[in-house]
Amino acid sequence: MLNTTVEELVKGFESEGNQETGDYSRKLVEFCCSKALSGMCERMGDMIGDGSFSRFTFDMMLAWEIPSSQEEEAYTESLGKEKEERRKPTKAVEEQDDISLFYSDIMPLLVDNEQSVGEDAFVWLVSLVPLAADVVNGRFMFETLTATTCYQLHFPAYDMFLKEIDKCIKNLQNQAKPKGVELADDEYILHFDGTATTQRVVRHIGGTSWPGLLTLTNYALYFEASGVVTYEDALKIDLSKDIEHTVKPAATGPWGAPLFDKAIVYESPELSEGITFEFPEITSSTRRDLWLALTKEIMLMHKFLSKYNVEYPTQAWDMHSRTILAIIRLHAGREMLRMSPPEPTKFLIFALFYEVPKGDIVLEELAESLKKDGGGYQCKASSILRSMNISHPVVSTEEIKAVRMEPKSASGLDENISQLEAAVNQAREEAREINVAKATTECLKEEGIGESVLVLMNLLKPLGDMLPRLNEILSWKKPLTTLAVIVTTMLIVYKEWVGKAIAACLLWIVAKMLQARRRRLHEKCNEIVVETGGSDQTMMESIVSAQYGLITVHEIIQSANIIILKIWSIAISKAYKHANMAMAAMCGLAIMLSVIPFKFIIMAAILYFFILTSKLGKLLESDQGNRRLKEWWDSIPIAPVRIEDKDKVAKNI
């Protein structure tokens, strides 16, 4: 590929001093691969068609994973042991008839006996050539593509994916432009539906319905209503405007009745009513979900460009190119995995990181890398699109020079990518932790209203046990105790020891939490057992009662149970990290309350409240703090709740 010798490559590599920064073999592989890839971007389209690009880059990933002879020997030895194990007779052969139909769809991808590549090698390659994935969401996409192959990428799947990308680009290029509109120079069709070869798209206006063709570009939505002979002029919905417009799922049907949950509605301050499109489908709502995700992605991309002041056309087009490629990859992934279509969010950039915890930090790093890069290397998203006949918009020489360009390392990697990858890895770990914590709450959401009430009553039982004692004090059943409480309360108020009293209570709670941790209650209390007293209500009566307005009450009770169980997890250190944070916060609050006079704290709280509700407070308001608090709360797991019949428990005893 480079028309040079290995000795010259090694000499060039060592002259740049990169062998001192880490693994010599892997750094040399990275250096050679970046040199070879730098000249392939211009003819990538032809190389994908004949399979030479996929074979070449797949071998690069294999070389990156096993860069030295020692690692190759270890791999060969492990492969030999694996083959030896396969020769042993097993019962798996007899059970082949029970394989799910889903696996028959991907079985041709699994019969390859060649080596497979892992996630790190895949992400390294796409950091050089962002064709198969973008470095921002490469790890999320790799997990989705390889979920059925034990998170290993095989060559047939990789080759098919790249060819599907090429096929998708050619298919979009052949699509006719919307009637009656002129697309911008950098506007390209990304998805369409409602043609003779696709399923219908229906626009609802009040009680009337109009079938037609819906087209999505990187700037707008276009709907062409079906006429008698041909389509009418397209209705344009501009998604690039910097306004508070939204798109959300909706239920619709004949005469405007909300019967089918298969529609989206676009709402904007410029419109008196929303624009509704329905995607009729027999079973699921996958079409609607796809259009919803793609439309949101375009809106979020323009919001991103506006929020982070991406001014230069080359930088804006680079972000457009990355978004275009992300949508094309999603189409290719859906074609490759038809039996089980992947989740659209995992393939898209903005839709993913507007939902993932710490996603705003990733987007900030993305904006910084976008501004610093400025087209400093060949194999970037815009170059890939240009090699596939999607031309770059015309940009003046002065605009190109105005963009600040950062030098590249010898391995071909942008120096800003390391910071971006660090932010992505942090967001990924946070997402995993929150998903684990959210999984612990799913059991409560599946309970009925009666069971939810029972759980709430049992969780509040400790508070109920305190009511008789409080009643004894208030009713003077124990005069000495009542007098002691009165004297203590009056002394605290008179001496202005309210802050110190609250601090003492907080420290007492911390002491109880430490005591619970020392007694290892978080290990002993794996689940909370709620006993029932049996129920005489029939199933029909339960259904009828549920139909009479208890759904809202049910949700409130479930939320209350989750809140109490999360607090319980913190109290007994079931959520160890969160318990440390809560104890540290309470200790800090206790110190603050004990040092600062409480009346000043009250004054500051009142002042803060009035400032917060004023216009100045709304201008200074930031959603980042609320987002961090929500992410922290969502990441708290709860103890599982098991409900048992009281009579059965008594029999077991």
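**View 1. Val202 meets its partner in strand 8.** In strand 8, Glu278 is the bridge partner of Val202. The model is a predicted one, where local features need pLDDT of at least 70 and side-chain atom pairs count only at pLDDT 80 or more, while totals for chains, interfaces and linings use all residues. Residues are numbered from 1 along each chain as its sequence is written, and side-chain values use heavy atoms, with hydrogens and water left out. Strand 2 (residues 201-205) runs antiparallel to strand 8, and three bridges link the two. Strands pair here if DSSP finds at least two bridges between them. Helices (H or I, at least four residues) and strands (E, at least two) are DSSP runs, numbered from the N terminus.

**View 2. Strand 8 has another neighbour, and cover on both faces.** Strand 7 (residues 260-267) also pairs with strand 8 in the antiparallel sense, over four bridges. Look for Tyr266, whose bridge partner in strand 8 is Ile275. In a regular strand, side chains alternate between the two faces of the sheet. Here, in strand 8 (residues 275-278), Ile275 and Phe277 sit on one side, Thr276 and Glu278 on the other, and all are buried. Buried means under 20% relative accessible area, exposed means over 50%, and partly exposed lies in between (1.4 Å probe, protein chains only).

**View 3. Helix 8 is mostly covered.** Of the eight residues in helix 8 (residues 138-145), seven are buried. Among them are Phe140, Met141, Phe142 and Leu145, and also Arg139.

View 4. Leu589, Ile591, Met592, Val595, Ile596, Phe600 and Met603 make a nonpolar surface patch of about 660 Å². Patches take residues with over 30% relative accessible area and no salt bridge, joining like charges within 9 Å and nonpolar side chains (Val, Leu, Ile, Met, Phe, Trp, Tyr) within 5 Å. A salt bridge puts a side-chain nitrogen of Lys or Arg within 4 Å of a carboxyl oxygen of Asp or Glu. Areas come from the Shrake-Rupley method with a 1.4 Å probe, and for residues only the protein chains shown count as cover. Phe600 belongs to helix 27, and it counts as partly exposed because its relative accessibility is 45%.

View 5. Cys168 is buried, with a relative accessible area of 12%, whereas Cys505 is partly exposed at 47%.
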